[in-house]
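Please look over the sequence and the structure below before reading on.

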Amino acid sequence: MTAVRTDAPTSAFPIRRMLLAGLAAIAVAGAATSAAAAGGHAAGISLDVSGESIPVAGFATLTAVFSLVGLVIAAVLARFARHPRRVFVRITVALTVLSLVPDLIADAAPATKVLLMATHLIAAAIVIPVVARRLSA
């Protein structure tokens, strides 16, 4: 007779679902930040920081890179944290606030700074809830 273990702390399936949902949210967030940047630029807001123009596609790229870091954090917390959702939200909100600091001190026009900060908040508002919902409380 073989015993079936039912007390496994984490199944691969919930983590896989969280990762897939997170990747979808990252794609949406990348598109949203690029759209916000393009819309701001079309409305006359400069995308120049320190004399260099940020390409619209750069918003999606950086959104994807940093959101993937958040997804890795979520996967680690899902595996090892006692309350992964709570810890994930606290960490990602703190990181989002910290991500605004470079925009505040950037060599850019005030409207550009606001647009840059808005894109951080847009990405966070899309990715954090999607991933958090899939982590256990």
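In which helix is the place of alanine 35? Alanine 35 belongs to helix 1, which covers residues 12-42. The model discussed here is a predicted one.

## Overall architecture

The chain contains four helices and two strands. Read from the N terminus, these elements follow the order α-β-β-α-α-α. The chain is more spread out than a compact globule, because its radius of gyration is 18 Å, well over the 14 Å that the globule rule gives for 137 residues. The C-alpha trace spans about 70 × 25 × 20 Å along the principal axes of the chain.

Of the contacts in the chain with a separation of 6 or more, 75% are accounted for by residues 24 or more positions apart.

## Surface and charge

Of the 137 residues in the chain, 32% are buried. The accessible surface of the chain amounts to about 8200 Å², and carbon and sulfur atoms hold 70% of this surface.

The chain carries 11 positive and 5 negative side chains. A distance of 25 Å lies between the centres of these two sets.

Alanine 57 is 22 residues away from alanine 35 in sequence, and the two C-alpha atoms are 9.4 Å apart in space.

The loop between strand 1 (48-49) and strand 2 (52-53) holds serine 50. The phi angle of serine 50 is near 55 degrees, which is a positive value in a residue other than glycine. Serine 50 is partly exposed, with a relative accessible area of 48%.

## Helix 2

Helix 2 is formed by residues 56-80, 25 residues in number. From its first C-alpha to its last, helix 2 reaches 37 Å, close to the 36 Å expected at 1.5 Å a residue. The buried residues in helix 2 include Gly58, Phe59, Thr63, Ser67, Gly70 and Leu71. Ala74, Leu77 and Ala78 are buried in helix 2 as well. An α-helix has 3.6 residues a turn, so residues three or four places apart point the same way.

Is phenylalanine 80 buried or exposed? Phenylalanine 80, which is also found in helix 2, is exposed, because its relative accessible area of 68% is over 50%.

## Helix 3

Leucine 104 has its place in helix 3, which runs over residues 84-105. Apart from neighbours within four places in sequence, leucine 104 is in contact with Lys113 and Met117. Leucine 116 is 12 residues from leucine 104 along the chain, and their C-alpha atoms are separated by 9.1 Å.

## Helix 4

Helix 4 comprises 24 residues, numbered 110-133. Its span from first C-alpha to last is 35 Å, close to the 34 Å expected at 1.5 Å a residue. Among the buried residues of helix 4 are Thr112, Leu115, Leu116, Met117 and Thr119. Further along helix 4, the buried residues include Val127, Ile128, Val130, Val131 and Ala132.

Which residues does alanine 123 touch, not counting residues up to four places away in sequence? Alanine 123, in helix 4, touches Ala29, Thr33 and Thr63. Alanine 123 is buried, because its relative accessible area of 10% is under 20%. Isoleucine 26 is 97 residues from alanine 123 along the chain, while their C-alpha atoms are separated by 7.9 Å.

Note on methods: Residues numbered from 1 in each chain as written. Predicted model: local features only at pLDDT ≥ 70, side-chain atom pairs only at ≥ 80, totals over all residues. Heavy atoms only, no water. Rg over C-alpha atoms; globule rule 2.2 N^0.38 Å. Buried < 20%, exposed > 50% of the residue type's maximum accessible area, 1.4 Å probe, protein only. Contact = heavy atoms within 4.5 Å. Areas by Shrake-Rupley, 256 points an atom, 1.4 Å probe, with all protein chains shown as cover. Lys, Arg positive; Asp, Glu negative; His and termini not counted. Charge placed at Lys NZ, Arg CZ, Asp CG, Glu CD. Expected span 1.5 Å × (residues − 1).
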